[in-house]
Amino acid sequence: MKSLQRAMSFTTRSLKVRPESIVFSKDQLLPHIIDKDTDENLKIAAKELQTTNNVIGFPTETVYGLGGSALSDESVKSIYKAKNRPADNPLIVHVSSLAQLQSKLLPSDYQIPQIYHRLINEFWPGPLTILLPVRKGSPISKYVTANQDTFAVRMPQHPVARALIAISDLPLAAPSANSSTKPSPTMAQHVMHDLSGKIPIVLDGGSSNVGVESTVVNGLCSPPMLLRPGGISVEELKRVGGKDWENVQIAKRTAESNEAVKTPGMKYKHYSPNAKVILFINCGDGKESISEYIKSNNIDLDKTKVALLKSKQFKDYNGIEVVKDLGKSGEDISRNLFKLLRQVDEEDKVDIIFVEGVEETNEGLAIMNRLNKAAVDVVEK
Ligand code: TXA
Ligand code: MG
């Protein structure tokens, strides 16, 4: 009973911050903040991180993060606890500057491998995460790395994220700020929905612009690997990375997502709303495939509430009233994906969500990675 009380002991405050009022100038580690409330709220959040083991929700350009000091075992444990995340899944460390990465996380004589230089130049701050070695005596909590000999790090582009890290002067370990297994949050209200009562503060800085998580790469192995597709596409990675990255290997789909097709219900859940997600791949305007699916699964549209998330080709379907447009471009579909999955689940309270798949090029690779994991059933023509 006691531990239950302790876990639920917060009255979560959602504090408004205005990203456009935060200015980082070159060579300055601390931002200039024009709006008084934004300045105050960032200081409240930074103080919470510095003086307690609590963790807070904050916006990044990809999705909202749940941040705690990457240097403190207790803070990192609070992250796993609030999210109910399995402890063997390592976290990304977020820094506000290269200077902070070097001074707080790396030995003074360590140089970031050449293979990352162009990528860092082009994509930081931004949605790219790289792996670096954990050296003996590293100050990074072992709970961040799940005891691996590498750690993942990125410099987020979102002014609120960078300001929070710079003002607290703490590298922040931060997974997405959703309850484990749920779709990632792209708005403060999503974080409130999942974690209200479990954390003291959410900084509300509006919607995340990218909408899917960062791309995770490992340049420490040869050939280099893409571990998770995300906000930077493979095409961009190859274009900017040049020769070093032209043979980048794309990590095989995890066993979980392959199994999603063959044995629904058996996979490790990820990005999953309460409603069942059915993914349609290569199904034209969708009419025939949806009709067949409804028939063969004995779905009665008068009794079962269904949502349709369409993007490039799908048409409306007679009898399905909850219809949302993900958008036509990869950028729009990425931005809207988690938001609309949550909306039809949490607000429209549908039982089933039909989603139109997209081609696995450019942004499509990350979109389909998330959808394959969210889906309990895949229809492919
Ligand atoms: O965009 C993002 O990356 C968001 C925002 C909040 O920054 N964060 C995020 O964190 O997505 P999370 O914890 O949900 O995803 C971390 C990913 C996982 O796929 C994890 O397996 C991988 O990074 N990862 C972290 N450390 C790793 C390591 N040492 N080796 C291999 N993979 C690692
Ligand atoms: Mg996540």
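The questions below ask how terms apply to this predicted model.

In this predicted model, local features need pLDDT of at least 70, side-chain atom pairs count only at pLDDT 80 or more, and totals for chains, interfaces and linings use all residues. Residues are numbered from 1 along each chain as its sequence is written, while chains are lettered from A and ligands numbered from 1 in the order in which they are written.

Q: Why is Lys252 called exposed?
A: Lys252 has 8 other C-beta atoms within 10 Å, so Lys252 is exposed. Its place is in the loop between β13 (249-250) and α10 (255-262). Helices (H or I, at least four residues) and strands (E, at least two) are DSSP runs, numbered from the N terminus.

Q: How does the radius of gyration of the chain compare with that of a compact globule?
A: The radius is taken over C-alpha atoms, and the globule rule is 2.2 Å times the number of residues to the power 0.38. For 381 residues, a compact globule would have a value near 21 Å; the chain has 21 Å, so the two agree. The C-alpha trace spans about 65 × 55 × 40 Å along its principal axes. Of the 381 residues, 48% count as buried.

Q: What makes a nonpolar core, and which residues of the largest one touch the most other members?
A: A nonpolar core is a set of buried Ala, Val, Leu, Ile, Met, Phe, Trp, Tyr and Cys residues joined through C-beta atoms within 7 Å. The largest has 104 residues, and Val93, Leu164, Leu203 and Ile353 touch the most other members. Helix α7 (residues 159-168) gives the most to this core, with 7 residues.

Q: Which residues are closest to ligand 1, and what makes a residue near?
A: A residue is near if its C-beta atom, placed from the backbone, lies within 6 Å of the molecule. 25 residues surround ligand 1; the closest are Thr62, Gly65, Pro90, Ala152 and Pro175. The largest share of the shell, 3 residues, comes from β8.

Technical notes. A residue is buried if 20 or more other C-beta atoms lie within 10 Å of its own, exposed if 12 or fewer, and partly exposed in between; C-beta atoms are placed from the backbone.
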